[in-house]
Amino acid sequence: MNFKPNIVQEKYIDETKQGEAFAIAEKDGNSKKLFLESYGCQMNFSDSEIVASILNEQGYNTTLKVEEADLILLNTCSIREKAEQTVRMRLSQFKNLKKEKPNMTVGVLGCMAERLKTKFLEEEQLVDLVVGPDAYRDLPNLLKETEDGRDAINVILSKEETYADINPVRLGGNGVTAYVTITRGCDNMCTFCVVPFTRGRERSRDPHSILEECKSLWNSGYKEITLLGQNVDSYLWYGGGPKKDFAKASEMQQATAVNFAQLLDLVAKAVPEMRIRFSTSNPQDMSLDVFRMMAKHDNICKYVHLPVQSGSNNMLLAMNRQHTREEYLDLIKKAKEIVPEVAFSQDMIVGFCSETEEDHQDTLSLMREVEYDYGYMFAYSERPGTPAHKKMEDNIPADVKQRRLAEVIALQGELSRKRMTSYVGRIHQVLIEGTSKKNQNQWKGRNSQNAVCVFDKLEGQQIGDLVDVFVFDNTQGTLLGETVAK
């Protein structure tokens, strides 16, 4: 599971970063205020848009001022220990605020809600409301429970829920890029990961609703979409239901099923001028047909976030990753043959249970062979409830983990600079996403390979424009360019 790779490029993620709160234009007639803060992966931010849509119909307008809120919701993440610690600290702040405003309702959504429901409600009494990722439709009923003075909880995981019929509001953002969720849940039982236990079994959203959402976004002025899921490559629509039940489907259902490569083809044709990205991919499910579609359609960006987690077969086996080092490298090699300009980024965990120095060196050598554009790197932190927590010893000393992590980050820095340098001296099509944070006179945007580019603003240019930019220099993570005169 990756952390927002399409929004920022950096050597590592600051896990102590506070969540992000967004607000949308007020709806006439709504009298209540919702403060909604999201943490973690893109799926959580996408889910928050669904929640805001549901509550907007229940009389809530969003606000960025927590002190004026009638309802505070944190959409939480359980994938790292520090993420949970950050949310706990935030909830303690809200508990103090609630002493001054006793009618305020505080709730927890998402992955921590499912995992820590009893602790939050009964033991620590930090919240009034606990709602799991598949129960957002039940929010109106649960809020009535809290209004009557009762704690409310629904963390039931569904085999069917995809929220396909709910039109998400677009929180924050730039009005140019948007997420479109295509799958929910995950069937991959990686031993380090809590996601299958907090988000349930994998199921896919029907392609018709996906195409309609994509076309609606284009008609609303959006220029780029990211097809989103815990594992987009295993997308499989055969009429509804979990992917694991596909073998039980009728012959007609199996014959007319739509896989991820076919969905990509459908979306690319439905919105031919829309840029298309997707995240997150899984090596064991990644089909070469996906890369063939990438080569076929100019509007599918030439970039894949392809988590590997380790370069060691010993560690991959211990992690239950369902692919070997050799299979991963073969996939990368064949992908580059089909799409020579394709770029890759990675997720990497160092210091997993019983990782040896040789295992660590295998990771470094794999990174050198692939030459990732950038990556998301972490020292292993044990997650309660996972197979690794139950059956394996977290036996790598903290100082060893940090030293290995520093080496991985340093190597990725070298590789990032090398990859950025390879883009210099060429013209790139860049989608303007906003103003550079460092220079108000410059735009920022990304090329097809997801590399951030900054360049001077010219009269007549605006956010959402696709601009030809000549890249004349680079830093470790940014391309420096200038608009090509027409």
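This is a predicted model: local features need pLDDT of at least 70, side-chain atom pairs count only at pLDDT 80 or more; totals for chains, interfaces and linings use all residues.
- An unreviewed UniProt entry gives the feature "binding site" at Cys 41, Cys 77 and Cys 111.
- They are spread over 71 residues of sequence, yet they cluster in space, with a largest C-alpha distance of 10.7 Å.
- Cys 41 sits in the loop between strand S2 (32-38) and helix H1 (42-56). Its relative accessibility is 2%, so Cys 41 counts as buried, the cut-off being under 20%.
- Cys 77 is in the loop between strand S4 (71-76) and helix H2 (81-100). Cys 77 also counts as buried, because its relative accessibility is 3%.

- Cys 190 is found in the loop between S9 and H6, and with a relative accessible area of 7% Cys 190 is buried.
- Leaving aside residues up to four places away in sequence, Cys 190 touches Met 319, Asn 320, Arg 321 and Pro 387.
- Cys 193 belongs to the loop between S9 and H6, and at 10% relative accessibility Cys 193 counts as buried.

**Aromatic pairs**

- With ring centres required to lie within 6.5 Å, the count comes to nine aromatic pairs.
- Phe 192 and Phe 352 make one of these: their ring centres are 6.4 Å apart and their planes are at 80 degrees, so the pair is edge-to-face, a label that needs over 60 degrees.
- Phe 192 is in the loop between strand S9 (183-184) and helix H6 (195-199), while Phe 352 is in the loop between strand S16 (343-350) and helix H13 (357-370), so this pair ties together parts that are 160 residues apart in sequence.
- Phe 192 and Phe 352 are both buried.
- Tyr 374 and Tyr 376 form another edge-to-face pair, 5.8 Å centre to centre with 75 degrees between the planes. Both of these tyrosines are buried.
- Ring pairs also join Tyr 380 with Phe 192 and Phe 352 in a cluster.

**Helix H15**

- Helix H15 (residues 398-422) has 25 residues, which at 1.5 Å a residue should span 36 Å; the end C-alpha atoms are 36 Å apart, so the two agree.
- Buried residues of H15 include Lys 401, Arg 404, Leu 405, Val 408, Ile 409, Leu 411 and Gln 412. Further along H15, Gly 413, Leu 415, Ser 416, Arg 419 and Met 420 are buried as well.
- An α-helix has 3.6 residues a turn, so residues three or four places apart point the same way.
- The buried residues of H15 pack against S16, H13, strand S17 (374-379), strand S21 (466-474) and strand S22 (478-483).

Notes
Residues are numbered from 1 along each chain as its sequence is written. Side-chain values use heavy atoms; hydrogens and water are left out. Rings of Phe, Tyr and Trp (its six-membered ring) pair if their centres lie within 6.5 Å; planes under 30 degrees apart count as stacked, over 60 as edge-to-face and the rest as tilted. Helices (H or I, at least four residues) and strands (E, at least two) are DSSP runs, numbered from the N terminus. Buried means under 20% relative accessible area, exposed over 50%, partly exposed in between (1.4 Å probe, protein chains only). UniProt positions are given in the numbering used here, feature names are shortened, and annotations may be inferred rather than shown by experiment. The expected span of a helix is 1.5 Å times one less than its number of residues. Contact means heavy atoms within 4.5 Å.
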